[in-house]
Amino acid sequence: MQNHFTISEQLERIPFLRMIIPLIAGIVLADYLSLSSGLLLGLLILLIITYFLFRTDRLRQVLLIAMIFLTGLSAAKVLTPRETMPRNERLMLSGVIEDNINTYGRWHRITALVTAFREDRDSSAK
């Protein structure tokens, strides 16, 4: 005979699942929510303080889920590169060469992964 558990009973049996769902939700929604890092840190601190002030178990569970969600959101915001390279400007690039040089007549093409860049301020000619 098979045991059929409800979703809430499944979450009670697997506590890690209760933590991973809000973490994944925070990571997925990071691209759609435009919150600054300072605001995220402030909200997280506020939730931590509120967590220790209240003694109700149900409220503490909700606050813990919100803290895990904000942690996933913050991690995704911090670890996602947002800066794009400007076009039609001279740049100093640092990178890793990923492919061999291909020659097409007088042109050479190479594939590289750019790891850092900055504006070329030393050169006055464009």
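## Ile101 and its loop

Ile101 sits in the loop that joins strand 1 (91-97) to strand 2 (102-104). The model is a predicted one. Ile101 counts as exposed because its relative accessibility is 57%, and the cut-off for exposed is over 50%.

Apart from neighbours within four places in sequence, Ile101 contacts His108, Arg109 and Ile110. Gly38 is 63 residues from Ile101 in sequence, and their C-alpha atoms are 44 Å apart in space.

## A nonpolar surface patch

A nonpolar patch on the surface is formed by Ile24, Val28, Leu29, Tyr32, Leu33, Leu35, Leu39, Leu43 and Leu46, which together have about 800 Å² of accessible area. Two or more residues of the nonpolar patch come from each of helix 2 (15-29) and helix 3 (37-53).

Tyr32, one of the patch residues, belongs to the loop between helix 2 and helix 3. With a relative accessibility of 67%, Tyr32 counts as exposed.

## Arg60 in helix 4

Helix 4 (residues 57-79) contains Arg60. Arg60 is buried but makes no salt bridge. Asp57 is the nearest side chain of opposite charge, at 5.4 Å from Arg60, whereas a salt bridge requires a side-chain nitrogen of Lys or Arg within 4 Å of a carboxyl oxygen of Asp or Glu.

A polar atom of the Arg60 side chain lies 3.1 Å from the backbone oxygen of Phe54. Phe54 is also among the residues that Arg60 touches, along with Tyr51, Phe52 and Arg55, when residues up to four places away in sequence are not counted.

Methods. Residues are numbered from 1 along each chain as its sequence is written. This is a predicted model: local features need pLDDT of at least 70, side-chain atom pairs count only at pLDDT 80 or more; totals for chains, interfaces and linings use all residues. Side-chain values use heavy atoms; hydrogens and water are left out. Patches are made of residues with over 30% relative accessible area and no salt bridge: like charges are joined within 9 Å, nonpolar side chains (Val, Leu, Ile, Met, Phe, Trp, Tyr) within 5 Å. Accessible areas come from the Shrake-Rupley method with a 1.4 Å probe; for residues, only the protein chains shown count as cover. Helices (H or I, at least four residues) and strands (E, at least two) are DSSP runs, numbered from the N terminus. Buried means under 20% relative accessible area, exposed over 50%, partly exposed in between (1.4 Å probe, protein chains only). Lys and Arg count as positive and Asp and Glu as negative; His and the chain ends are not counted. A polar contact is a pair of N or O atoms within 3.5 Å; within protein, one must be able to donate a hydrogen and the other to accept it, and residues adjacent in sequence count only if both atoms are side-chain atoms. Contact means heavy atoms within 4.5 Å.
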